[in-house]
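The walk starts at a pair of side chains and ends with the whole fold.

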Amino acid sequence: MQLRNTQTGYGTVAIAFHWTMAVLVAGLFVLGKYMSGLEPTDPQTFALYQWHKSFGFVVLALAGLRLVWKAVNPAPKLPEGTPVPLRLAAALGHAGLYAVLLALPLSGWLMVSSSPWGIPTVLFNTLPVPHLPVPAELGTLAQAEATLKQVHEALGLFLLLLLVVHVAAALKHHFYDRDTVLTRMLSTRPARQDAETAE
């Protein structure tokens, strides 16, 4: 089992981070859209919000850990011959994804911290999480909550846009460029192109 990344492929740890976060983000997006249509008095509302917050904190923790792993274990290089503008676009796209994966759960944490209802956050019905201090510049708690809700929703839509571009780029690499950018995130086994390059 190849745990660490190589110059031509991802290791098991990076692959696990990638797909675990992909599943969690997709689930949180669907759950968030579903919750937005519920009435506050609906019996499901409280439980679903707690689950949404719990998995949001998991995403926040994984994003932080993934950045640490990336710092000590750099990602594989892009294929030889990739134009400079595409290299820059890839770097900016990945930076944007990491930034939003941190900012989105943080904005949600700040949003629930500003709620006039003062509802506690208890991760998986076990671990209580303290509220964050709400900046006075945001006005009353109700005003702050409304503003932060808009920020949270806007970040969610921005993340969705980034993910669409990310997936489209991966498919382009696989079906048009016919390189190993997509397949190396599916398996640690060297692709044929990589093996030939290594030789």
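The side chains of aspartate 177 and lysine 172 meet in a salt bridge, 2.7 Å from N to O. A salt bridge here is a side-chain nitrogen of Lys or Arg within 4 Å of a carboxyl oxygen of Asp or Glu. The structure holds one. This is a predicted model, in which local features need pLDDT of at least 70, side-chain atom pairs count only at pLDDT 80 or more, and totals for chains, interfaces and linings use all residues. Residues are numbered from 1 along each chain as its sequence is written, and side-chain values use heavy atoms, with hydrogens and water left out.

How exposed are the two partners? Aspartate 177 counts as partly exposed because its relative accessibility is 32%. Lysine 172 is also partly exposed, at 34%. The classes are buried (under 20% relative accessible area), exposed (over 50%) and partly exposed in between, with a 1.4 Å probe and protein chains only.

Now turn to histidine 173. This residue lies in helix H4, residues 141-177. Helices (H or I, at least four residues) and strands (E, at least two) are DSSP runs, numbered from the N terminus. Histidine 173 is buried because its relative accessible area is 16%. Which residues does histidine 173 contact, leaving aside neighbours within four places in sequence? They are Arg178, Asp179 and Val181. Contact means heavy atoms within 4.5 Å. With aspartate 179, histidine 173 also makes a side-chain polar contact of 2.8 Å. A polar contact is a pair of N or O atoms within 3.5 Å; within protein, one must be able to donate a hydrogen and the other to accept it, and residues adjacent in sequence count only if both atoms are side-chain atoms. Arginine 178 follows H4 and has a positive phi, near 55°.

Step back to H4 as a whole. Its 37 residues should span 54 Å at 1.5 Å a residue, and the end C-alpha atoms are 51 Å apart, so the two agree. The expected span is 1.5 Å times one less than the number of residues. The buried residues of H4 are Ala144, Leu148, His152, Leu155, Gly156, Leu159, Leu162, Ala170 and His173. An α-helix has 3.6 residues a turn, so residues three or four places apart point the same way. The cover over the buried residues of H4 includes H1, H2 and H3.

Histidine 152 shows some of that cover. This H4 residue counts as buried because its relative accessibility is 18%. Beyond neighbours within four places in sequence, histidine 152 contacts His52, Leu104, Ser107, Gly108 and Met111.

H1 comes next. This helix runs over residues 12-35, has 24 residues and reaches 34 Å from first C-alpha to last, close to the 34 Å expected at 1.5 Å a residue. Its buried residues include Phe17, His18, Met21, Leu24, Val25 and Leu28. Among the elements covering the buried residues of H1 are helix H2 (43-72), helix H3 (84-113) and H4.

The loop between H1 and H2 holds leucine 38. Is leucine 38 buried or exposed? It is buried, because its relative accessibility is 16%. Leucine 38 touches Gln44, Thr45 and Leu48, not counting residues up to four places away in sequence.

Phe29, Val30, Leu157, Leu160 and Val164 make a nonpolar surface patch of about 450 Å². Patches are made of residues with over 30% relative accessible area and no salt bridge; like charges are joined within 9 Å, and nonpolar side chains (Val, Leu, Ile, Met, Phe, Trp, Tyr) within 5 Å. H1 and H4 each supply at least two residues. H4 gives the most, with three. Valine 164 is found in H4.

Finally, the whole protein. The secondary structure comes to five helices and two strands. From the N terminus on, the order is α-α-α-β-β-α-α. The C-alpha atoms fill a box of roughly 65 × 35 × 30 Å along the principal axes. Buried residues make up 34% of the 199 residues. Of contacts between residues at least 6 apart in sequence, 69% join residues at least 24 apart. The accessible surface comes to about 12500 Å², and 70% of this belongs to carbon and sulfur atoms. Accessible areas come from the Shrake-Rupley method with a 1.4 Å probe; for residues, only the protein chains shown count as cover.
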